[in-house]
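Morning, everyone. Please have the sequence and the model open.

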Amino acid sequence: MDFSGWEKLSLVDFDHRLTTTIFMAGCPFRCPFCHNSDLVLRPGEAPTIPWDEILAYLQKRRKMLDAVCVTGGEPTLMPDLKDKLRDIKKLGYLVKLDSNGWNPFVLEELIQERLVDYIAMDIKNSPNRYEKTAGVPVNLDTISHSIRLLMESGIDYEFRTTIIDEFHDDQSMAEIGPWIAGAKRYFLQRYIDNEHCIEHGLHMVQKEKAEGFLKVLEPFVPSAKLRDYD
């Protein structure tokens, strides 16, 4: 299966490392605030990028780039994901994987086989509001499984929530906090409406309110921070 998008150089996807980011088309969720609507809603119409072309680029830039970020959509849908990650690791790159946590069994295999160095997992909302925020029915047992997996595996990771005025409030944070208590990293990300979102008309959480969310989270996740609010 081919990737469908490619940002050849990024300084923001993986701790400011020089990173190339590749996008897989397709996702089981339909989050209305998603910025990759074409990849999520119309994966069959997405362009394809030959894997050999990506590998040739990585081979040529082995001394210039540090890492590869694999994102989507939802990359754990890709049936040959492990094979592609092996190819990347053979070239000496660090690998970051972005995931919504819907398939903990794939995540576990990637961790056990040391094919990923960092996983960024979305926490869409509190359990009671998860399906509304994800846009589809969600098996919360799989989300909880993925949360525990990352926290207990020893791999480097982060949890992150894109906060939306229509979906998140203090009560959301009061319920998310115990769910991920003790997490190594947790980021509340600023939402920006743009032309590629699945839906429009949603609103970002203002900084003062977002800082209030951090106070609610502090007893459970003292490491929680805002992202993109500078």
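Helix 2 passes helix 3 in a right-handed crossing. Right-handed means the near helix is turned clockwise from the far one by less than a right angle, and left-handed means anticlockwise. By class, this contact has four nonpolar, no polar and two charged residues. Here Ala, Val, Leu, Ile, Met, Phe, Trp, Tyr, Cys and Pro count as nonpolar, Asp, Glu, Lys and Arg as charged, and the others, Gly among them, as polar.

This is a predicted model: local features need pLDDT of at least 70, side-chain atom pairs count only at pLDDT 80 or more, and totals for chains, interfaces and linings use all residues. Residues are numbered from 1 along each chain as its sequence is written, and side-chain values use heavy atoms, with hydrogens and water left out.

Who touches whom? On helix 2, W51, L55 and L58 meet K84, D87 and I88 of helix 3. Contact means heavy atoms within 4.5 Å.

Now helix 3 itself, residues 81-90. Its buried residues are L81, K84, L85 and I88. Buried means under 20% relative accessible area, with a 1.4 Å probe and protein chains only. They cover an arc of only 100° around the axis, so they lie on the same side of helix 3. That arc is taken from the directions from the helix axis to the C-beta atoms. Their cover includes strand 2 (19-23), strand 3 (67-71) and helix 4 (104-112). Helices (H or I, at least four residues) and strands (E, at least two) are DSSP runs, numbered from the N terminus.

Last pair. Helix 4 passes helix 6 in a left-handed crossing.

Key:
Buried means under 20% relative accessible area, exposed over 50%, partly exposed in between (1.4 Å probe, protein chains only).
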